[in-house]
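This briefing is meant to be read alongside the sequence and the coordinates. It covers helix faces, contacts and salt bridges in turn.

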Amino acid sequence: MEWSTIVGTIVGAVVGLISVFLADHLRWRREDKNQWLQARQQVYVDFLAALSKAHSEMRSVVFRGELSDVERRHALLAATDASGVWRLRQSISLIGSRQLMHEVVAAAQKLEGVCEALSLDPDVSSDRYIEARNNLWAANAALRESMRKDLGIAGDPDPDLHTYRPLGN
């Protein structure tokens, strides 16, 4: 065998190995990025569901009636705690962008506003509750839009953004 054949074989083998390692590394990075994206998406979906659950549970507390003011306040706070909103808010603070975190905080504050409104006046048809609810829905729509942007979801903006349910409906 000639040296040129041996060198050519070795160079071919090295090029082949480098190609395999490079392709493997690129595939791993792509899969890692997809897994990270899916994890973020799941936390975002869970947070939105927790906001909705907390709001629904607060309404259930009010519909139950027959609670003292103190008992109602505790039940409203327990509904928020049980929803997982605060735990998921912390999770998002680790994985979300700064802008997204501002939207998460705003939505959580609007949820607290609903809690406060129902604590002061346990009537879901009151102006105070309706205003707090509409503020929550508007913050939720803005949050969903920020989440879509953070996840790289293209397309038309959230149809509810800036127009989410008129006051009193």
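This is a predicted model: local features need pLDDT of at least 70, side-chain atom pairs count only at pLDDT 80 or more; totals for chains, interfaces and linings use all residues.

Two residues are said to be in contact when they have heavy atoms within 4.5 Å of each other.

- Asn140, which lies in helix 5 (residues 127–150), is in contact with Leu48 and Leu51 once its neighbours within four places in sequence are left aside.
- Asn140 has a relative accessibility of 12% and therefore counts as buried, the cut-off for that class being under 20% relative accessible area.
- Arg128 also has its place in helix 5, but with a relative accessibility of 45% Arg128 counts as partly exposed.
- Leaving aside neighbours within four places in sequence, Arg128 is in contact with Ala117 and Leu120, while its C-alpha atom is separated by 8.6 Å from that of Val114, which is 14 residues away along the chain.

**The two sides of helix 2**

- Helix 2 (residues 69–83) comprises 15 residues and reaches 21 Å from its first C-alpha to its last, close to the 21 Å expected at 1.5 Å a residue.
- The buried residues of helix 2 are Arg72, Ala75, Leu76, Ala79, Thr80 and Ser83; because they cover an arc of only 135° around the axis, they fall on the same side of helix 2.
- An α-helix has 3.6 residues a turn, so residues three or four places apart point the same way.
- Val70, His74, Asp81 and Ala82, on the other side of helix 2, are exposed.
- Gly84 follows helix 2 and has a positive phi, near 90°.

**Salt bridges**

- Arg40 and Asp150 meet through their side chains in a salt bridge with an N to O distance of 3.3 Å; since Arg40 lies in helix 1 (residues 3–64) and Asp150 in helix 5, the pair ties together parts that are 110 residues apart in sequence.
- Within this pair, Arg40 counts as buried at 11% relative accessibility, whereas Asp150 counts as partly exposed at 22%.
- Arg72 and Asp69 form a salt bridge at 2.8 Å, N to O, and both lie in helix 2, three residues apart, or about one turn of the helix.
- Arg72 is buried, with a relative accessible area of 7%, whereas Asp69 is exposed, with a relative accessible area of 55%.
- Arg148 forms a salt bridge with Glu145, their closest N and O atoms being 3.7 Å apart; the two are three residues apart in helix 5, which means that about one helical turn separates them.
- Arg148 counts as partly exposed, at 23% relative accessibility.

Definitions and conventions: Residues are numbered from 1 along each chain as its sequence is written. Side-chain values use heavy atoms; hydrogens and water are left out. Helices (H or I, at least four residues) and strands (E, at least two) are DSSP runs, numbered from the N terminus. The expected span of a helix is 1.5 Å times one less than its number of residues. Buried means under 20% relative accessible area, exposed over 50%, partly exposed in between (1.4 Å probe, protein chains only). The arc is that of the directions from the helix axis to the C-beta atoms. A salt bridge is a side-chain nitrogen of Lys or Arg within 4 Å of a carboxyl oxygen of Asp or Glu.
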